[in-house]
Amino acid sequence: MRKVQRTVPAPADMGTEVIGIPEGTDLELKLRLEAVMEGVLVSGTISGTAVGECIRCLEEVRLALDTQFTELFSYPENQVVEDADEEVRRVENELIDLEPTLRDAVVLALPFQPVCREDCPGLCSECGALLADDPAHTHEVADPRWAALQGILADGVPSGSSETDEPNDEKES
Ligand SMILES: [Zn+2]
Ligand SMILES: [Zn+2]
């Protein structure tokens, strides 16, 4: 059995559309390579920093990733007729291509819907403002019929009058 530990620059596309390990950033690999009957069994851990976008507020999300994997790389001469659905990884010219395996492991470990924090309130659906910065933020949701009425009322109220019936629940705390 051989143990290998090294830090490599992350290849392209290490992740999904929403989050991934940026190309060229450090990917730390700790691998164990074992010769078995059918080929080489590679197992180990991958660590790196994934960067993505919060699906709610679009702010940057950074995630320390540390995931394990195990993959058997078969010798070509030992190919059994496998299930067509199952992707078989092979030892070719006595080399193994780890990249697809690493990519699969990373993609599996990443969240499908990254959020900057579990309770991220996201963006205001009305104006797009960051609700985390301004959680009390509201808009008067006017029914179009009321909006028309409000227009009439606004015209009818003499300016300078502070006694309007506008609901204003903003409390300064
Ligand atoms: Zn967020
Ligand atoms: Zn808003």
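How many residues lie between β5 and β6 in their hairpin, and which residue in the turn has a positive phi? The views below show a predicted model.

**View 1. The β5–β6 hairpin.** β5 and β6 form a hairpin with 6 residues between them. L58 in the turn has a positive phi of about 70 degrees. Strand β6 covers residues 60-74 and pairs with β5 in the antiparallel sense over 15 bridges. Pairing requires at least two bridges found by DSSP between two strands. G48 stands opposite L65 in β6.

**View 2. The β4–β5 hairpin.** Between β4 and β5, the hairpin has 3 residues. Strand β4 (residues 26-35) runs antiparallel to β5, with 8 bridges. E34 stands opposite L41 in β5. Strands here are DSSP runs (E, at least two residues), helices are runs of H or I (at least four residues), and both are numbered from the N terminus.

**View 3. β3 against β5.** Strand β5 (residues 39-53) is joined to β3 by 2 bridges, and the two run antiparallel. G20 stands opposite V51 in β5.

**View 4. Confidence at two elements.** pLDDT is the predictor's confidence in each residue, from 0 to 100. Among the elements, strand β3 (residues 19-21) has the highest mean pLDDT, 97. Helix α2 (residues 144-156) has the lowest, 63. For the protein the mean is 83, and 75% of residues reach 70 or more. Where pLDDT is low, the predicted coordinates should not be read in detail.

**Notes.** Residues are numbered from 1 along each chain as its sequence is written, chains are lettered from A and ligands numbered from 1 in the order in which they are written. Local features need pLDDT of at least 70, side-chain atom pairs count only at pLDDT 80 or more, and totals for chains, interfaces and linings use all residues.
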